[in-house]
Amino acid sequence: MADIRVQVCYPSSPQPWLREVTLPEGSTLRDALDASGIDVPGLDLATCPVGVFGKKKTPDTVLREGDRVEIYRPLVADPKDARRRRVEKKAAA
């Protein structure tokens with residue numbers, strides 16, 4: 001069985017967290033998170049949404065060579081509300 005290399009990233013501030021890990025073929029997204037050793041204060045991997053290349057996935061998703069595992073931050077504001085406020089502000093100006 002061959003090994004695969006994947007990246008694990010988290011868009012923390014001010015510097016994004018990025019690590020490349022080597023795993024056995026057939027490894028899952030959860031395996032990559034565990035192998036990465038990510039330790040960001042306040043980050044709960046059990047509740048954070050995760051994905052591969054911008055698409056949400058489940059932790060049991062099997063990874064392929066070159067995948068980028070992403071840990072998503074919670075939204076600070078609802079995108080629809082933010083857009084609505086921008087439109088209202090522009091109309092008032």
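Mentor: A term is needed before the strands: two strands pair if DSSP finds at least two bridges between them. Keep in mind that this is a predicted model.

Trainee: In β2, which residue is the bridge partner of Gln7?

Mentor: Strand β1 covers residues 3-10 and strand β2 covers residues 17-24, and the two pair in the antiparallel sense over 8 bridges. Within β2, the bridge partner of Gln7 is Glu20.

Trainee: Which residue stands opposite Glu70 where β3 is joined to β5?

Mentor: β3 and β5 run antiparallel and are joined by 3 bridges. The residue that stands opposite Glu70 in β5 is Gly51.

Trainee: Is Glu70 buried or exposed?

Mentor: Glu70 is found in strand β5, residues 68-71. Among the residues Glu70 touches, leaving out those up to four places away in sequence, are Cys9, Pro49, Val50 and Phe53. The relative accessible area of Glu70 is 9%, and buried means under 20%, so Glu70 is buried.

Trainee: Which backbone nitrogen does the side chain of Glu70 reach?

Mentor: The side chain of Glu70 makes a polar contact with the side chain of Arg68 at 2.6 Å. The side chain of Glu70 also reaches a backbone nitrogen at 2.6 Å, that of Gly54.

Trainee: How many Å away from Asp67 is the nearest side chain of opposite charge?

Mentor: Asp67 is in the loop between β4 (55-57) and β5. Asp67 is buried yet has no salt bridge. A salt bridge needs a side-chain nitrogen of Lys or Arg within 4 Å of a carboxyl oxygen. For Asp67, the nearest side chain of opposite charge is that of Arg64, at 4.5 Å.

Trainee: Which backbone nitrogen does the side chain of Asp67 reach?

Mentor: Not counting residues up to four places away in sequence, Asp67 touches Arg5, Val6, Gln7, Val52 and Phe53. At 2.8 Å, the side chain of Asp67 reaches the backbone nitrogen of Arg64.

Trainee: Which element supplies the largest share of the largest nonpolar core?

Mentor: The largest nonpolar core has 20 residues, and those with the most contacts inside it include Val8, Leu33 and Ile71. At least two residues of this core come from each of β1, β2, α1 (29-36), β3 (50-52) and β5. The largest share of this core is 4 residues, supplied by β1.

Trainee: Which residues is Leu33 in contact with, leaving aside neighbours within four places in sequence?

Mentor: Leu33 is among the residues with the most contacts inside the core. Beyond its sequence neighbours, Leu33 is in contact with Val8, Ile38, Leu45, Val50, Val69 and Ile71.

Trainee: Does Arg83 count as buried or exposed?

Mentor: Arg83 has its place in helix α2, residues 79-92. Its relative accessibility is 52%, and the cut-off is over 50%, so Arg83 counts as exposed.

Technical notes
Residues numbered from 1 in each chain as written. Predicted model: local features only at pLDDT ≥ 70, side-chain atom pairs only at ≥ 80, totals over all residues. Heavy atoms only, no water. Buried < 20%, exposed > 50% of the residue type's maximum accessible area, 1.4 Å probe, protein only. Polar contact = N/O pair within 3.5 Å; in protein donor to acceptor, adjacent residues only side chain to side chain. Contact = heavy atoms within 4.5 Å. Lys, Arg positive; Asp, Glu negative; His and termini not counted. Core = buried A, V, L, I, M, F, W, Y, C linked by side-chain atoms within 4.5 Å.
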